[in-house]
Structures are given as C-alpha cells and as structure tokens.
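Subject: Structure handover

Hello,

Here is the structure for you to look over. My notes on what was found follow below it.

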Amino acid sequence: MRNGRPLALVTGASNGIGYELAALFARRGFDLVATGRSAGIDAAAEEFRRLGAGVEAVRADLSDRAEVEKVWRAVAATDRPLEAAAINAGVSIGGAFLDNDLDQELNLIELNVSSVVQLAKRVATAMAGQRRGRILITSSVSATLPTPYETVYGPSRAFTRMFALGLREELRGTGVSVTTMLPGATNSDFHARAGMNNTAFGPNAGKNDKAEVARQGFDALLAGKAEIVAGDGATKREALLNRFLPEPLKAARHARKAKPRD
C-alpha cells in the first residue's frame, strides 16, 4: 500500500454503514485498514480493492481488548501516517432488560464503549503527533433519548456521543478533528442482528438508506464538522425534537416501537 494514497481505518467495514464508509474512502483515493468480526471482511476487502484501494483486511472482535490492539498493530505495521479513521463498529440487543443475557449486554458495552475509547486513544495520539487527521465516531439518534427494549444500547451511544464531543474540544488546535455521526434507523441488518425483527424496527420498516447515511457522515468528516445527524428529513427532525421533549415521554415513544410484538 505504498503508492502515495492517504490511509484510513474503518471498523465494522464488513457490512452496513461501515461498508459504505469504507467504499467511499476507496472511491475518494484512500487506502484502507478495514476491520470486521466475521469472514465477510475478506469479501468486502475485495470490493474495496476493485474500487482502487490497497486494503489490509483485519478480522477482529473488538469486544476483546486484545483484538483492538491487533487492529492498531495492523495500522502501525503499514508504517504510514493515518489520515482518517471511522470508528464505527457497534451492536444493539433488543428485548426486555430482565429477559436478556447479562454476558451479551456486557459484551455490547465492551464493543460500543470500551473499544471506542481504546481505539480512539491510539488513533488520536498518533494523529496529534503528526499534527493532522480526521476521526469519525459513530453514535446514534438513540443517544438523544432513553431506549427501553434496547435498554443498554441507547446509553452506550450516549456515552459515545459525549466522548467524541469532549475529545473534539481537547484536540482543538492540534490539527485533528473529531466528528460525531448520529444515524437513525438504517436499512442494514443492524436490527435483525439485535433480534428486533418482531418490532416496529423490523424488515418492513421505512428506514434510511445506508449509502446516504454514510455519505452524509463522510462529508461531515471531511468538512471537520462537530456532529451530523445522518439520514432523511424525518430523522433530522426527530433528533431536533428530542432536544425539547421530556425524557419519560421519549422513553414511552421508543418503547412502543422497540417492544416485541409477541
């Protein structure tokens, strides 16, 4: 990957928004270190190569701290400056908190919270040392409200959002920018993997196009914006409305959509 192209890191690049982000980087002239939890990352990497990128594909479960370090070692092994990073990997778990498996919930926290902090530490330190770089951290519109029946997910994304905004301020003047992306419900397999097909977030729900969500996040990253609500007009209006609605009302609204129907 020594061809003068800038280097970007994208986590969760096997599918969904992460795949679309990685494809955008490839089309815009970046080489990639692309990560995914399954063997699907290898097939995705072939697609990115067809778009012209040099790709180092890393299969890693980022809920494991040693695996996060493996990803960073792959970046360091390129011996190239990291110009951009999309810290995007994340999961949800649907269903009632009392019914869900505790180990799965703790695993969610490791992936959605701990791995973000761990990888951001490595990325931000390297970028600050080179006095340039752009970081995109994926949060969610769910960060703006309580999320019953996704009871652990929403708070994990609220952490991600505030962490990213705080880090952005700390890095002011270093040449490194941090952008937070808040997607709404998106037409990926995110809710299916969360076991939420029997909710209003199921396969027949009207959802945002993942390619458009990624494009909005990518453009905001390159522009150095602080935050972007990524999606259609309804998604942006929902995020705006959530600034003013009381938390119990927002919780009740989300419960009606996320509660299993059987």
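I start with the second largest cavity: its lining divides into 4 nonpolar, 2 polar and 2 charged residues. Nonpolar here means Ala, Val, Leu, Ile, Met, Phe, Trp, Tyr, Cys and Pro; Asp, Glu, Lys and Arg are charged; the others, Gly among them, are polar.

Please note that this is a predicted model: local features need pLDDT of at least 70, side-chain atom pairs count only at pLDDT 80 or more, and totals for chains, interfaces and linings use all residues. Residues are numbered from 1 along each chain as its sequence is written, and side-chain values use heavy atoms, without hydrogens or water.

Cavities

The second largest cavity holds about 30 Å³. Its lining is Ile-93, Asn-100, Glu-105, Leu-108, Glu-150, Thr-151, Val-152 and Tyr-153. A cavity is a set of points on a 1 Å grid over the protein atoms alone where a 1.4 Å probe fits but cannot get out; lining residues have an atom within 4 Å of a point. Points are joined across faces, edges and corners, and a volume is the space filled by probe spheres set on them.

The structure has 2 cavities of 30 Å³ or more. Leu-145, Glu-238, Asn-242, Lys-250, Arg-253, His-254 and Lys-257 line it. By class, that is 1 nonpolar, 2 polar and 4 charged. Helix α9 gives the most, with 4 residues. Helices (H or I, at least four residues) and strands (E, at least two) are DSSP runs, numbered from the N terminus.

Largest pocket

The largest pocket has a volume of about 960 Å³. A pocket is an open set with protein on both sides within 12 Å along at least five of seven lines. This one is lined by 48 residues; Ile-17, Tyr-153, Thr-186, Ser-188 and Phe-190 lie nearest its centre. The lining has 16 nonpolar, 22 polar and 10 charged residues.

Helix packing

α1 and α2 (residues 40-50) pack at about 25°, axes 9 Å apart. Axes are lines fitted to C-alpha atoms, for helices over the stretch in contact, and angles run from 0 to 180 degrees between N-to-C directions. α1 is therefore roughly parallel to α2 (an angle under 35 degrees). The contact (heavy atoms within 4.5 Å) joins Tyr-19, Ala-22, Ala-23 and Ala-26 of α1 to Ala-44, Glu-47 and Phe-48 of α2.

α3 (residues 65-77) and α4 (residues 102-130) pack at about 30°, axes 10 Å apart. They are therefore roughly parallel to each other.

Best wishes

Terms used
Parallel < 35°, antiparallel > 145°, perpendicular 65-115°, else oblique.
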